[in-house]
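User: I am new to this structure and would like to know what the terms used for it rest on. Please answer with the values and the definitions side by side.

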Amino acid sequence: MRCTVVGAGAWGTALADLLARNGHEVRLWAYEPDVVESINGKHENVRFLGGHALSPSVAAVADIHRAVEGAELVTFATPSQLLRRIIKSAAPSLPRDVPLVVASKGIEKDTLCLMNEVVEQEVPGATVVAISGPSFAVEVVSGQPTAVVVASTQSEAAGIAQRAFSSPYFRSYTHTDVIGVELGGSLKNVMAVATGVAEGLGLGFNARAALVTRGLAEMTRLGTALGAEQSTFAGLAGLGDLVLTCTGSLSRNRAVGVELGKGRTLEDVLKDRETVAEGVATAQSARALAAREGVEMPIVDTVNRVLFEGQSARSAIGALMSRELRAEVDR
């Protein structure tokens with residue numbers, strides 16, 4: 001197929017390379033001129049995925065209209081808070097009735113929309129597929145075994161995306177719970193910041209396991225309040241992605257938390273990073289969404305206090321441990 005990936009960060013580049021190696025004709029839209037130049041000239045995204053050779057058939061373009069024209073499958077892999085602006089720009093040239101795959105992970109500020117909702121609002125009547133799961137870009141581009149979920153309410157579209165992305169090392173499972181898959185991919189980044197903070201404080205594996213487990217409970221609680229299936233959070237887009245992001249050394253969100261736990265300020269941590277740690281912005285959106293739905297999310301609250309309200313990491317973890325005692329399972 002003729003495939004387009006919009007967004008040439010590490011994840012978008014890895015997906016474009018995967019599609020190209022699967023035999024598809026691939027155009028990759030990049031905002032940065034040097035990224036376009038390095039991909040077309042060196043077959044490498046030096047800025048965002050340096051050291052990894054890309055398929056020579058990936059063609060990078062700077063014109064978003066040229067990128068999406070004539071595509072049979074379009075994948076959006078932009079930072080979550082930029083998705084609306086970018087898809088609004090691309091919309092006039094998007095082919096009608098082609099699946100739009102959302103690989104961005106986050107909750108939009110102010111509107112509190114999930115990424116599939118942003119696409120649906122900007123492209124009315126669009127066929128939307130969400131792709132999520134435990135998948136570091138570096139390992140995907142290196143051909144390491146990976147399994148993800150592609151979710152859509154339209155089974156034909158999910159099947160198209162499943163076949164397009166699947167390879168001997170990249171396995172895609174279909175799902176119908178778009179809300180659960182989207183929310184799992186978004187909230188796990190916030191939980192990864194929390195586990196990173198604990199690690200930066202020098203806390204042990206017990207603390208990490210507790211945060212992962214109770215983080216999953218919070219994710220499930222909000223998800224079911226929004227209409228997601230509880231079982232989705234026990235799958236690849238929930239538990240699978242949560243464990244990877246909270247424990248993997250390649251996790252940007254976990255790395256931000258580690259530095260905060262060591263006592264650095266958020267401003268100081270972020271100024272050294274060109275890549276986006278989605279958990280920082282998503283923490284605020286998740287807190288607002290939970291408040292709107294009347295759902296208790298103490299770990300999300302704790303992360304917000306450390307990130308934005310000046311509470312020290314150690315006192316925040318102490319407050320989390322000192323909360324009123326309760327049953328483990330909600331009744």
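User: Why is the crossing of helix 15 and helix 16 called right-handed?

Analyst: A crossing is right-handed if the near helix is turned clockwise from the far one by less than a right angle, and left-handed if anticlockwise. Helix 15 passes helix 16 in the right-handed sense, so the clockwise case applies. The model is predicted, with local features needing pLDDT of at least 70 and side-chain atom pairs pLDDT 80 or more, while totals for chains, interfaces and linings use all residues. Residues are numbered from 1 along each chain as its sequence is written, and side-chain values use heavy atoms, with hydrogens and water left out.

User: What angle do helix 15 and helix 16 make, and how far apart are their axes?

Analyst: Helix 15 (residues 298-308) and helix 16 (residues 313-321) pack at about 160 degrees, and their axes are 9 Å apart. This makes helix 15 roughly antiparallel to helix 16, because angles over 145 degrees count as roughly antiparallel (under 35 roughly parallel, 65 to 115 roughly perpendicular, the rest oblique). Axes are lines fitted to C-alpha atoms, for helices over the stretch in contact, and angles run from 0 to 180 degrees between N-to-C directions. Helices (H or I, at least four residues) and strands (E, at least two) are DSSP runs numbered from the N terminus.

User: Which residues of helix 15 and helix 16 meet?

Analyst: On the side of helix 15 they are Pro 298, Ile 299, Thr 302 and Val 306, and on the side of helix 16 they are Ala 313, Ala 316 and Leu 320. Contact means heavy atoms within 4.5 Å. The residues of this contact comprise 6 nonpolar, 1 polar and no charged. Nonpolar covers Ala, Val, Leu, Ile, Met, Phe, Trp, Tyr, Cys and Pro, charged covers Asp, Glu, Lys and Arg, and the others, including Gly, are polar.

User: What makes a space in this structure a cavity, and how many are there?

Analyst: On a 1 Å grid over the protein atoms alone, a cavity is a set of points where a 1.4 Å probe fits but cannot get out, whereas a pocket is an open set with protein on both sides within 12 Å along at least five of seven lines; lining residues have an atom within 4 Å of a point. The structure holds 2 cavities of 30 Å³ or more.

User: Which residues line the largest cavity, and which helix gives the most?

Analyst: The lining consists of Val 193, Ala 194, Val 197, Leu 211, Ile 299, Thr 302, Val 303, Val 306, Ile 317 and Leu 320. Helix 15 gives the most, with 4 residues, and helix 9 (178-200), helix 15 and helix 16 each supply at least two. By class, this lining has 9 nonpolar, 1 polar and no charged residues.

User: What classes of residue line the second largest cavity?

Analyst: Its lining divides into 4 nonpolar, 3 polar and 2 charged residues; Lys 105 and Glu 182 are among the residues that line it. The volume is about 30 Å³. Strand 6 (127-132) and helix 9 each supply at least two lining residues.

User: How do you know that helix 9 and helix 14 are roughly perpendicular?

Analyst: Helix 9 and helix 14 (residues 278-293) pack at about 110 degrees, with axes 8 Å apart. The two helices are therefore roughly perpendicular. Their crossing is left-handed. Residues that meet include Leu 187 and Val 190 in helix 9, and Thr 282 and Ala 286 in helix 14. The contact has 7 nonpolar, 4 polar and 1 charged residues.

User: How do helix 9 and helix 12 cross?

Analyst: Their axes come within 6 Å and cross at roughly 35 degrees, in a right-handed crossing. By class, the contact has 5 nonpolar, 6 polar and 2 charged residues.

User: What volumes do the two largest pockets have, and what lies closest to their centres?

Analyst: The largest pocket has about 1100 Å³. Of its 42 lining residues, Gly 9, Ala 10, Trp 11, Arg 252 and Val 276 are closest to the centre. Its lining has 20 nonpolar, 13 polar and 9 charged residues. The second largest pocket has about 510 Å³, and of its 20 lining residues Ala 210, Arg 214, Leu 320, Met 321 and Arg 323 are closest to the centre. Helix 10 (205-225), helix 15 and helix 16 give two or more residues to this lining, helix 10 giving the most with 6. By class, the lining has 12 nonpolar, no polar and 8 charged residues.

Key: Grid points are joined across faces, edges and corners, and a volume is the space filled by probe spheres set on the points.
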